[in-house]
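Please look at the structure first.

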Amino acid sequence: MNKRRISIEDIARRAGVSHSTVSRALRDNALISPKVREEIKQLAQEMNYVPNAIAQSLQNKRTNTIGVVVTSIADPFFAEVVDGIEQIARPAGLSVLLSASHRDFEQEMAAIDTFHRRRVDGILIADSRISKQHIKQLTQIAVPTVLINSQTEDQPEIFHSVAIDDRLGARLATQHLINLGHTTIGYLGVSDRSRSNRDRLEGYQMALAEAGLPQNPDWVAISDEYDTRISDVATGQNMLSKLLTAEVTGIFCYNDMVAVGALLACQELGILVPRNLSLVGFDGIALGSYVTPTLTTVSQPMLEIGGIAMQMLLDLLEEKTVENRILSPFLVERGSSALIIRNGLRPATLT
């Protein structure tokens with residue numbers, strides 16, 4: 001099968017117009033009538049045309065701005081990632097425009113459209129829901145784009161990416177609890193279909209299998225509301241009871257905010273952490289070092305993730321060779337996890 005990229009020249013030949021007419025129509029140039037613009041866009045979609053983002057960026061006048069899409073401006077994780085982005089962008093003379101997608105594909109595309117209207121030089125998208133099946137939407141992305149922790153398996157090949165090794169991080173968290181003597185270990189996940197949620201669950205299951213421990217479905221607590229995702233803190237508070245009923249002695253939480261919610265629930269129920277229950281989070285946000293007890297976590301290098309993604313974007317703008325990156329998380333042991341034998345732990349249960 002011929003997998004050659006469809007070019008503007010191909011569209012021009014099919015439409016029977018000039019190269020410049022097609023180029024102007026795809027850029028919504030007012031010199032081309034609305035009817036012709038629509039016809040050419042429709043033809044480009046039918047031919048699966050994907051713009052050469054780098055070439056288009058170099059042809060257009062730079063605005064010295066980049067767009068950044070995160071799932072939530074209030075999420076501490078993304079605050080540190082954006083800090084890492086700005087540490088590279090500022091010395092390069094670039095300003096950062098920020099928008100939130102709230103884990104919604106349509107809002108993600110709306111943010112991208114807004115950035116295009118502002119003529120940004122490039123875009124960084126965190127937790128992107130864009131996949132290869134979104135052919136029509138992909139044609140709208142006409143500037144260099146880098147994905148941060150993409151949440152789809154079939155990531156479009158036209159994009160570059162920076163990601164964390166979620167399976168490795170989950171294995172580190174679960175192995176830590178196993179090394180502390182825990183044999184009944186729960187996973188407290190979130191109610192969405194994200195790749196990170198699935199990969200962290202798989203990493204947890206892999207660690208249990210490697211240790212010869214059973215796979216008990218009662219040890220996994222994930223909300224049934226898969227199409228929505230409430231506050232991660234609320235998830236930790238609301239779902240903890242399921243794992244307490246299963247009499248686990250240690251819990252690996254999807255992220256630090258879920259772990260904070262679980263910790264709050266424990267305090268409300270009079271469950272001592274880590275004496276009665278050990279908790280491990282994921283992300284390494286600053287809040288984890290301020291709660292009581294301080295939170296054991298698998299830390300993502302958030303500043304580095306943002307900085308690497310921004311440097312990738314700069315390199316793309318300068319037509320340099322860019323390779324995708326997968327970074328390794330690391331365990332930060334604090335006060336929320338402890339040896340089960342040392343403390344004479346007994347399973348925490350609801351009364």
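Over the face of which phenylalanine does arginine 200 lie, at 3.8 Å from the ring centre? The ring is that of phenylalanine 282. Arginine 200 also lies over the face of tyrosine 254, at 4.5 Å from the ring centre. A charge sits over a ring if NZ of Lys or CZ of Arg is within 6 Å of the ring centre and within 35 degrees of the ring normal.

This is a predicted model, in which local features need pLDDT of at least 70 and side-chain atom pairs count only at pLDDT 80 or more, while totals for chains, interfaces and linings use all residues. Residues are numbered from 1 along each chain as its sequence is written, and side-chain values use heavy atoms, without hydrogens and water.

**The cavity**

The count is 1 cavity of 30 Å³ or more. A cavity is a set of points on a 1 Å grid over the protein atoms alone where a 1.4 Å probe fits but cannot get out, and lining residues have an atom within 4 Å of a point. The largest cavity holds about 170 Å³ of space, a volume being the space filled by probe spheres set on the points, which are joined across faces, edges and corners. Its lining has 18 residues, and those closest to the centre are Phe77, Phe78, Asp127, Arg200 and Tyr254. Two or more lining residues come from each of α5 (76-89) and α9 (195-210); helices are DSSP runs of H or I with at least four residues, and strands are runs of E with at least two, numbered from the N terminus. By class, the lining has 4 nonpolar, 6 polar and 8 charged residues.

**Aromatic pairs**

The whole structure contains 4 aromatic pairs. Rings of Phe, Tyr and Trp (its six-membered ring) pair if their centres lie within 6.5 Å; planes under 30 degrees apart are stacked, over 60 edge-to-face and the rest tilted. Two of the pairs are tabulated.

| Pair | Centre distance | Plane angle and class |
|---|---|---|
| Phenylalanine 77 and phenylalanine 78 | 5.1 Å | 80 degrees, edge-to-face |
| Tyrosine 187 and phenylalanine 252 | 5.4 Å | 45 degrees, tilted |

Tyrosine 187 in strand β6 (residues 185-188) and phenylalanine 252 in strand β8 (residues 250-253) are 65 residues apart, so this pair links distant parts of the chain. Ring pairs join Tyr187, Tyr204, Phe252 and Phe282 into a cluster.

Buried means under 20% relative accessible area, exposed over 50% and partly exposed in between (1.4 Å probe, protein chains only). Phenylalanine 77 is buried at 5%, and phenylalanine 78 is buried at 5%. Tyrosine 187 is buried at 0%, as is phenylalanine 252 at 0%.

Note on methods:
On a 1 Å grid over the protein atoms alone, a cavity is a set of points where a 1.4 Å probe fits but cannot get out, and a pocket is an open set with protein on both sides within 12 Å along at least five of seven lines; lining residues have an atom within 4 Å of a point. Ala, Val, Leu, Ile, Met, Phe, Trp, Tyr, Cys and Pro count as nonpolar, Asp, Glu, Lys and Arg as charged, and the others, Gly among them, as polar.
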